[in-house]
Amino acid sequence: MNESTPSGPLLTMTGMTKQYPGCLANDHVSLTVERNQIHALLGENGAGKSTLVKMIYGVVKPDAGEIVWEGQQVSIPTPGAAQRLGIGMVFQHFSLFEALTVTENIALGLATAKERVGLRGRILQISTEYGLPLDPDRVVHDLSVGERQRIEIVRCLLQNPKLLIMDEPTSVLTPSEVQKLFVTLRRLASEGCSILYISHKLEEVRALCSAATIMRLGRNVARCAPAGKTVKQLAEIMINMDLRLPTPRPLVSGNAPARLVLDRLTIRSHNQFGTSLKDISLSIAGGEILGIAGIAGNGQSELIDGLSGEIPAGKPESVLIDGVAAGHMGPAERRRIRGCFVPEERNGHGAVTTMSLADNAFLSGYLRGALVRFGVIDKKRTLAFADDIIKRFDVRTTGPRAEARSLSGGNLQKFLVGREVLQDPGVLVINQPTWGVDAGAALAIHEAIMALAQGGAAVMIISQDLDEIFVLADRIAVIAGGRVSEPVATRSATVESIGRLMGGTSEDMVADSAVAHA
Amino acid sequence: MTELAVAFLVSTVAAATPLLLAATGELVVEKVGVLNLGVEGMMLAGAIAGFATANETGVTTLGVLAALLAGTALALLFALVSLTLQANQTATGLALTIFGRGFSALLGAGYVGIPAPTLPKLHIPFLTDIPVLGPVVFGHDILVYLSFAILGVVAWCIRSTHLGLILRAVGDSHDAAHALGYAVVPIRYGAVAFGGALAGLAGAYMSLAYTPLWAQDMTAGRGWVAVALVTFAAWRPLWLLIGAWFFGALMYLSLYVQALGVAVPSALLSALPYIGTVVVLVLISRDRRLIRLHRPAMLGRPFQARA
């Protein structure tokens with residue numbers, strides 16, 4: 001046996017360079033991952049992390065650079081080659097097949113027929129063992145973002161790779177699920193599988209990772225042990241400036257008039273496996289931010305669709321915007337009475353990815369921005385509007401004529417939130433305001449939301465990130481199984497008390513769905 | 001009355017066979033996310049290649065083989081232009097149909113009006129002699145049985161095998177399939193070639209069995225019906241069979257009604273199978289969820305591996 005020596009780093013990359021038209025994505029980047037190590041890759045959106053890991057996984061071809069794997073110089077031309085070396089990757093986007101079932105999706109990622117024997121059982125086993133509930137027979141199309149991410153994780157765990165690249169794996173998990181995942185990851189690392197962990201959650205990185213490589217604008221800027229730094233220090237290295245905490249707002253007086261009222265809002269989900277909304281009643285006053293916490297797939301997407309008018313409610317009176325019965329209205333009519341909405345999915349729902357930023361700004365802002373004159377698009381004003389969003393929200397792009405898909409996730413999110421905020425909404429509803437967004441961009445988005453509330457708007461934040469909800473919201477409610485709990489004041493709530501509400505109901509849900517499928 | 005029923009059933013199956021072959025091929029092509037509108041052209045190429053070869057050699061089997069190769073060759077041309085050179089699939093498919101029609105007319109100019117050896121009908125002692133059941137079930141030529149077998153294998157393969165899963169995956173998201181390490185373009189080449197081979201076979205059936213003659217444009221739009229069948233059957237193999245049989249039945253009925261001399265314009269009767277099939281299939285496939293679930297999301301979309 002010529003087993004390669006178990007000493008020496010698992011993966012060493014030096015001088016990795018990738019030039020895209022108009023953008024040097026990676027400029028002589030180096031990265032070393034040791035064996036049995038959980039290694040963090042940190043950096044803002046657009047810092048070049050994705051490009052780097054895609055080069056490791058053979059999706060993107062480097063222009064220059066050297067990859068040494070287990071002491072041997074290798075080239076990784078295709079993802080298949082990466083898999084043969086023992087590299088697995090959990091993608092953040094685009095690696096699931098919508099029309100196929102969970103089992104079929106996972107089977108496609110396995111190389112040999114032997115691995116596919118008894119796959120369904122093993123999926124069930126791993127998903128229960130690691131607290132990642134999954135029904136193997138459901139079609140991905142009907143699953144929420146959180147459930148989709150569980151598939152990605154389970155798929156990788158099934159492959160027993162030597163290096164596991166995880167791109168934002170915990171963004172949609174509850175705190176207790178994150179803890180369970182960390183147990184899994186630590187076990188994997190101790191069993192000999194190194195992990196390259198990309199995350200914006202610096203607290204997580206400090207708890208989990210023993211080394212970190214930090215990138216900025218396509219270059220290495222630091223390599224450190226994250227446990228030896230504070231979250232603030234890490235964030236400051238990442239964005240190269242002092243990080244402010246959002247300034248707290250004065251509390252809203254108790255008798256401000258309600259601007260958004262839901263009265264027994266009941267919506268049947270369009271989706272066979274979606275969660276229907278049942279009798280949701282709540283009210284948000286002007287100047288107030290209400291946070292809706294909950295695990296993915298408990299009715300969040302139905303709630304934002306019901307509020308934006310994509311699914312009109314049966315009774316007009318069940319949604320009141322500034323006292324106007326709006327339940328029967330479509331999205332354009334609700335925008336006319338100053339309701340603005342940001343959906344969860346940026347690509348294809350929030351933005352038309354193949355259109356320019358200016359055109360995307362026009363699509364939701366033409367009414368409130370008065371961008372149409374006698375049926376003709378006012379190009380000048382549209383470009384000015386898009387340019388204003390880009391400047392005010394520090395969107396990193398080549399300009400308003402850039403295609404939406406050319407932006408990184410965080411930058412597109414800043415643009416989409418900015419697009420709605422600058423329309424001066426009276427009611428703003430945002431689903432997952434900072435999903436997959438780095439610390440700097442998240443801060444900008446949070447500050448914009450708070451400024452808007454301070455200006456008198458009623459804001460609803462639907463988020464699976466409890467930290468975010470605790471930072472932003474005046475009151476917190478939990479959505480579970482399509483019902484929304486009585487909101488509690490943030491001051492009197494704790495992460496544990498809210499987390500329990502979310503987690504407890506999620507287990508009930510699993511039991512429910514098990515019964516439904518029996 | 002019995003004779004009439006037998007004639008009806010036998011000719012329904014016969015008229016359905018070229019549709020079924022071509023549509024099964026197109027189903028596989030569309031399942032991997034490619035839209036090849038050149039079916040009509042590939043069928044005509046198969047028809048003339050099969051007819052000419054059978055006529056020159058006197059061996060129908062060689063004719064069938066030649067048709068298969070002709071269809072495949074045209075399909076590979078389509079694949080080269082649309083998959084490797086990334087031309088628009090719709091335009092390339094239309095061009096292929098126009099090319100196939102013109103080229104087959106040119107090659108076939110010398111073959112118009114001469115007879116060719118016909119594909120023999122099956123005759124199994126005893127079985128074929130059973131009244132009604134015999135001729136309907138056991139009295140066809142080999143291509144008819146082959147078309148059922150191919151449909152069955154394709155249906156099973158797509159639903160239950162790993163190969164079928166890969167085909168569906170490539171048609172559902174070529175980027176994700178590429179990311180998992182599947183060779184999207186070669187897989188699509190394979191499917192397109194398979195579709196071409198079956199379209200060629202369908203053409204051979206037209207010129208060697210259904211009406212054993214060569215005439216210009218003898219497929220009379222059946223290639224287009226096959227493409228429509230795939231869509232309206234919502235990419236489900238069983239419904240292809242039902243749609244093809246329905247077309248065959250209407251074909252027979254329209255001829256029968258014409259023969260009776262009923263005072264309906266003959267142009268309308270000739271159009272009936274085409275219109276009727278499409279109308280019925282539209283009615284039965286209105287379920288949006290069903291279409292969303294079965295429609296290959298990448299249909300007609302070009303794929304380029306990002307470097």
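The paragraphs below follow the aromatic pairs and their surroundings.

This is a predicted model, in which local features need pLDDT of at least 70 and side-chain atom pairs count only at pLDDT 80 or more, while totals for chains, interfaces and linings use all residues. Residues are numbered from 1 along each chain as its sequence is written, chains are lettered from A and ligands numbered from 1 in the order in which they are written, and side-chain values use heavy atoms, with hydrogens and water left out.

Over all chains, a search of the whole structure finds nine aromatic pairs. Rings of Phe, Tyr and Trp (its six-membered ring) pair if their centres lie within 6.5 Å, and planes under 30 degrees apart count as stacked, over 60 as edge-to-face and the rest as tilted. The ring centres of A:Phe182 and A:Tyr197 are 6.4 Å apart with planes at 75°, so this pair is edge-to-face. Because A:Phe182 lies in helix H7 (residues 175-190) of chain A and A:Tyr197 in strand E8 (residues 194-198) of chain A, the pair ties together parts that are 15 residues apart in sequence. Helices (H or I, at least four residues) and strands (E, at least two) are DSSP runs, numbered from the N terminus. A:Phe182 is buried, at 2% relative accessible area, and A:Tyr197 is buried at 0%; buried means under 20% relative accessible area, exposed over 50%, and partly exposed in between (1.4 Å probe, protein chains only).

In chain B, the rings of B:Phe247 and B:Tyr274 have centres 5.2 Å apart and planes at 80°, so they too form an edge-to-face pair.
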